[in-house]
Amino acid sequence: VLKRATLAAMAEPEWRDAGDNGDTLGGALRAFGLGLHLETPQGPIAGLAHRLVGHYGDAYGLKSALLWNPDTGVGFAYAVNGTPERLAYAPSGLAVIEEIAIQALYRQVFG
């Protein structure tokens with residue numbers, strides 16, 4: 001649906017956390033492109049060694065994300081449904097269940 005050049009432009013940083021220039025949602029969001037979240041080494045993926053862009057979802061008990069490497073097209077998605085209203089959160093700012101899922105998928109897909 002989108003041209004490659006459009007996706008490339010969306011994956012370029014438009015905002016980066018500088019400590020006082022926006023809400024990081026507890027540290028989960030450190031950089032954004034045009035509508036896309038840009039994963040950083042300060043995020044939930046320990047040992048992040050690949051460029052990842054995507055988007056997180058959070059509504060009515062659903063926790064989800066779609067993340068991919070725009071250079072290779074390789075990525076992953078997860079959806080956790082039926083989560084309780086009060087969740088435990090990790091230092092990354094994501095719910096613990098999300099951090100477990102994202103780290104396991106990252107290791108599986110990217111080694």
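The model is predicted, so local features are described only where pLDDT is at least 70, side-chain atom pairs count only at pLDDT 80 or more, and totals for chains, interfaces and linings use all residues. Residues are numbered from 1 along each chain as its sequence is written, and side-chain values use heavy atoms, with hydrogens and water left out.

**Helix H2**

- Helices (H or I, at least four residues) and strands (E, at least two) are DSSP runs, numbered from the N terminus.
- H2 has 15 residues, and at 1.5 Å a residue it should span 21 Å, which agrees with its end C-alpha atoms being 21 Å apart; the expected span is 1.5 Å times one less than the number of residues.
- Glu98, Glu99, Ala101, Ile102, Tyr106 and Phe110 of H2 are buried, where buried means under 20% relative accessible area, exposed means over 50%, and partly exposed lies in between (1.4 Å probe, protein chains only).
- Looking down the axis of H2, these buried residues fall within an arc of 165°, so they line one face of the helix; the arc is taken from the directions from the helix axis to the C-beta atoms.
- Ile100, Arg107 and Gln108 are exposed on the other side of H2.
- Strands S4 (53-59), S5 and S6 (75-80) are what the buried residues of H2 pack against, with contact meaning heavy atoms within 4.5 Å.

**An aromatic pair**

- One aromatic pair turns up in a search of the whole structure.
- The ring centres of Tyr106 and Phe110 are 5.2 Å apart and their planes are at 35°, so the pair is tilted.
- Rings of Phe, Tyr and Trp (its six-membered ring) pair if their centres lie within 6.5 Å; planes under 30 degrees apart count as stacked, over 60 as edge-to-face and the rest as tilted.
- Tyr106 and Phe110 are four residues apart in H2 (residues 96-110), so about one helical turn separates them.
- An α-helix has 3.6 residues a turn, so residues three or four places apart point the same way.

**The nonpolar cores**

- A nonpolar core is a set of buried Ala, Val, Leu, Ile, Met, Phe, Trp, Tyr and Cys residues joined through side-chain atoms within 4.5 Å.
- The largest core has 15 residues, and Leu52, Tyr56, Phe76, Ile102 and Tyr106 have the most contacts inside it.
- S5, S6 and H2 each supply at least two residues of this core, and H2 gives the most, with four.
- A second, separate core has six residues, including Met10, Ala11, Ala31 and Leu36.

**A buried lysine**

- Lys63 sits in strand S5 (residues 62-68) and is buried, with a relative accessible area of 5%.
- Its side chain makes a polar contact with the side chain of Tyr89 at 3.1 Å; such a contact is a pair of N or O atoms within 3.5 Å, and within protein one must be able to donate a hydrogen and the other to accept it, while residues adjacent in sequence count only if both atoms are side-chain atoms.
- Not counting residues up to four places away in sequence, Lys63 touches residues including Asp58, Tyr78, Leu87 and Glu98.

**Positive phi outside glycine**

- Leu25 has a positive phi near 55°, lies in the loop between S1 (15-16) and S2 (31-32), and counts as exposed at 52% relative accessibility.
- Tyr60 also has a positive phi, of about 50°; Tyr60 is in the loop between S4 and S5 and is exposed at 86% relative accessibility.
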